[in-house]
Amino acid sequence: MTITDVASHAQVSTTAVSKVLRNAYGVSEAMRLKVQAAIDELGYRPQAAARAMRGQTFTIGVLLPHIRNPFFADILDGLTEEISGAGYQAVIVQSGGPDLRRERAAIDALVDRQADGILMIAPVTARTQLEETAKTTPTVVLGRHERSAVYDVVLDDDEAGTELVVEHLIALGHRRIAHITDPAGGRAGPLTLPQHVRAKTYERLMTEHGLTEHIAIAATSYTEEGGYAGTRELLARTPRPTAIFAGMDQAAFGALAAVHEAGLTVPGDISVVGYDNARAAALAHISLTSVDQDGAIMGKTAGRLLLERIQGRTSAVRFSVTPTLVPRRSTAPPPAG
């Protein structure tokens, strides 16, 4: 089945069919529906290789540190919802987390496969290198607190989110509030990553509230293993914290396991707070207090910005999400004494 067959069946020109397939500007809704009906009836599928030869693959490359974080699923849901209507599909590549070489290889792989646009989620590569990629491939960077004239940025207001957590715990009566962070990428330079902003804001707020002596940070990783190891480290300190801000839900799940293993209760002995408001956080047996940064909106916005870039926009856009705190049963006033 060819584009000529589709044009003949719809009784339009091959140029009209091509414009519909490319989602080109100036195609009327009536024409689009007519051509789409012919495509559906004939079962026509554009050949990916042929499209690539014409300079478009109708794919959006997505660079993920890894696929274990449930929050990334929310981002992908939003992205897919936005780009599918324009005929695009997402192709996912893992970067290997803080490994700069693997991340660079993953970015190069998406460029070499002629992705029409790339969404990079919390990349650790230096901004200058990201801008080199963005000069040839429309790019959106999600998560980093920075500005660029070459690529668009979608981020959460991590300072505001951290303030919500610390103020919530202090209002409950906590003073010994600890934090689990992920130093990934720190040596490479992008201190604009969410974990660095959250850790810095935590320290600032503890100092502003006169709690400098109670600042306690475990630098592990934003994983269940990291949350588990960080919590064991914090529980071994004297005096031990009465609350732990895990920095990410995935790390908070590991923290919950470590508290349970130590024979302690949440929130009776220790309150635990996460970040992302992953779906699992709301499960009755977990009931984790968390910060919601609306991953679906972030993914949907990233998709819209990429489509705009592909269609010719060159001015840079920076979109910030305002987070909200979702209190659940994992936080309560500290134990007496």
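Strands here are DSSP runs of E at least two residues long, numbered from the N terminus. Keep in mind that this is a predicted model.

**View 1. L63 in strand β1.** Strand β1 covers residues 59-64, and L63 is part of it. With a relative accessibility of 0%, L63 counts as buried, because buried means under 20%. Setting aside neighbours within four places in sequence, L63 touches V93, S95, E103, A106, I107, L110, L119, M120, I121 and P123. Then there's I118: 55 residues separate L63 and I118 along the chain, yet their C-alpha atoms sit 7.4 Å apart.

**View 2. An open sheet of 4 strands.** Reading across, the strands go β7-β6-β8-β9, and the pairing is parallel. The edges are taken by β7 (216-219) and β9 (271-273), each of which pairs on one side only. On average, neighbouring strands in this sheet are turned by 20 degrees against each other, direction ignored.

**View 3. Helix α9 against the sheet.** Here we zoom in on α9, residues 194-208, which packs on that sheet. The helix touches β6 (177-181) as well as β7. Compare directions and you get about 165 degrees between α9 and β6.

**View 4. Where β8 meets β9.** Strand β8 spans residues 243-245 and runs parallel to β9, with 3 bridges joining the two.

How values were computed:
Residues numbered from 1 in each chain as written. Predicted model: local features only at pLDDT ≥ 70, side-chain atom pairs only at ≥ 80, totals over all residues. Heavy atoms only, no water. Pairing = 2+ DSSP bridges. Axes fitted to C-alpha atoms, helices over the stretch in contact; angles between N-to-C directions. Contact = heavy atoms within 4.5 Å. Buried < 20%, exposed > 50% of the residue type's maximum accessible area, 1.4 Å probe, protein only.
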